[in-house]
Amino acid sequence: MAEEMSQMPVLSPKLAQMAGLAARYASPEFSVTHGGHVRTIAAGHYTVTGLSRHVRLGEFVAHRSRTGIHLGEVVRVEPDLAYVCPIEPGEPIGIHDVVIRKGAFRVAPGDSWCGRTINALGDPIDGLGPLAPGDMRRAIANSAPSSMTRRRVEQGFRTGVRAIDIFSPLCLGQRLGIFAGSGVGKSTLLSMLARADAFDKVVIALVGERGREVREFIEDTLGPNMAKSVAVVATSDESPMLRKMAPLTAMTIAEHFRDRGENVLFIADSVTRFAHAIREVATAAGEAPIARGYPASVFTELPRLLERAGPGEEGAGTITAIISILVDGDNHNDPIADSVRGILDGHIVLERSLADEGRYPPINPLTSISRLARKAWSGEQEKLVSRLKTLIHRFEETRDLRLIGGYRAGSDPDLDMAIRQVPVIYDVLKQTPGDKPAADAYADLANALKAALGGNAAAAGRTR
């Protein structure tokens with residue numbers, strides 16, 4: 001025995017320290033030989049020597065400090081240095097601290113995750129105990145299914161929101177954006193859409209949200225639906241790395257359920273804050289901005305995330321993505337809104353002026369578009385919606401003329417009809433989160449128009 005021990009290689013103190021770190025953070029992806037140490041420290045990143053030949057962009061490393069083991073992501077690689085952004089805010093980092101390669105970050109979703117609230121690292125934050133891992137570990141930086149093997153989008157569904165079901169109907173596997181300025185009602189509309197009963201599972205990514213709103217959304221909005229939901233939360237006070245990872249982790253969980261043949265609703269609030277987090281990380285790594293302060297990596301990461309939603313391959317289910325986009329200064333052509341609009345299969349536009357009038361949800365039916373609406377409409381419904389949009393357009397374009405008394409009834413039959421019917425249409429489209437979801441939006445609209453027109457006819461008869 002003594003002879004065998006004498007033949008064993010003696011680890012250097014640095015390598016022995018790495019071995020101890022790998023043992024404490026056990027993972028098959030660790031390699032003791034792939035290690036280095038901290039060389040420089042800056043506000044948003046630190047550099048590591050000894051890892052450049054072994055790591056790739058986007059891989060994770062484990063850093064050992066005096067308070068424990070912390071994760072970081074490799075955001076830049078040079079011949080002698082690897083740039084790492086720490087995952088946790090306020091992580092204590094010291095010169096010469098040991099850093100070892102971890103590889104791609106992975107999570108293992110399972111059925112037991114339903115009804116739970118987790119952070120971007122896949123750890124529970126709801127105080128309900130640890131999560132049981134699923135059968136397969138998945139990298140959160142996954143790729144979308146092949147465009148030639150994934151199924152086509154075919155089947156429509158009802159959201160229960162009349163303004164959407166009539167003017168911008170959705171299909172299973174569609175990707176829809178909700179565009180609005182701050183405080184107009186994006187989160188409220190998302191809460192109404194989360195109650196749709198067409199889905200087997202719901203996965204929600206709350207990115208950069210106010211901390212006080214998380215429990216309100218989960219407990220009040222989801223309510224009984226939380227039993228089939230998983231919420232991934234990264235609040236506004238968390239690090240940009242966690243805010244960047246939250247929608248990636250949530251999408252990976254949604255892909256797990258989709259690949260088992262289930263229809264999944266993926267909600268992200270908001271993708272704009274996801275883009276802001278990418279900008280912070282890229283700027284810290286030295287990437288130059290190209291469009292209003294946004295670096296090129298932002299416009300690379302957005303389609304990578306959004307293209308992962310949609311129908312799966314044959315035999316798999318679907319991921320229907322509904323995401324919110326915060327338009328800076330109510331400018332719907334800012335770089336993020338413009339880029340995301342070109343990726344998605346439709347967009348809902350919320351107008352501040354409609355919210356000021358008390359019309360909730362403040363959806364503009366003329367500028368909101370579903371690119372897959374024809375798969376959800378029947379032929380008669382498509383003709384009806386076209387006629388309704390014509391009436392609404394006539395009503396809105398003559399608003400100023402009518403306010404100054406420049407229009408006389410009877411001179412334009414179409415405008416006369418618009419003046420009678422459009423206010424009724426607007427009343428039908430009003431809904432609040434407390435209202436029961438609409439079972440048949442067209443029936444509700446027809447009944448309201450019949451009642452209004454019948455009342456007008458009776459009033460005209462009494463006048464004569």
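I am working from a predicted model, where local features need pLDDT of at least 70, side-chain atom pairs count only at pLDDT 80 or more, and totals for chains, interfaces and linings use all residues. Residues are numbered from 1 along each chain as its sequence is written, and side-chain values use heavy atoms, with hydrogens and water left out.

**H7 and H8.** I took helices as DSSP runs (H or I, at least four residues), numbered from the N terminus. Axes are lines fitted to C-alpha atoms over the stretch in contact, with angles from 0 to 180 degrees between N-to-C directions. I looked up H7 (residues 271–284) against H8 (residues 296–306): their axes come within 9 Å and cross at roughly 135°. The two are therefore oblique to each other (under 35 degrees is roughly parallel, over 145 roughly antiparallel, 65 to 115 roughly perpendicular, the rest oblique). For contact I use heavy atoms within 4.5 Å. H7 brings Val 271, Phe 274, Ala 275, Ile 278, Arg 279 and Ala 282, and H8 answers with Ser 297, Val 298, Glu 301, Leu 302 and Leu 305. That splits into eight nonpolar, one polar and two charged residues (Ala, Val, Leu, Ile, Met, Phe, Trp, Tyr, Cys and Pro are nonpolar, Asp, Glu, Lys and Arg charged, the others, Gly among them, polar).

**H8 and H9.** I then followed H8 to H9 (residues 335–343), where the axes are 10 Å apart and the angle is about 35°. On the H8 side I list Val 298, Phe 299, Leu 302, Pro 303 and Leu 306, which meet Pro 335, Ile 336, Ser 339, Val 340 and Ile 343 of H9. By class I get nine nonpolar, one polar and no charged residues.

**H12 and H14.** Next I checked H12 (residues 379–397) with H14 (residues 413–429), whose axes come within 8 Å and cross at roughly 100°. H12 and H14 are therefore roughly perpendicular. Among the contact residues I noted Leu 388, Leu 391 and Phe 395 of H12, and Met 417, Val 422 and Tyr 426 of H14. The class count is 12 nonpolar, one polar and four charged.

**Cysteines.** I found zero disulfides (a pair of cysteine sulfur atoms within 2.5 Å). Cys 85 is buried at 3% relative accessibility, and Cys 171 is buried at 0% (buried is under 20% relative accessible area, exposed over 50%, partly exposed in between; 1.4 Å probe, protein chains only).

**Gly 211.** I placed Gly 211 in H5 (residues 211–222). At 49% relative accessibility, Gly 211 counts as partly exposed. Its C-alpha lies 8.3 Å from that of Asp 237, 26 residues apart along the chain.
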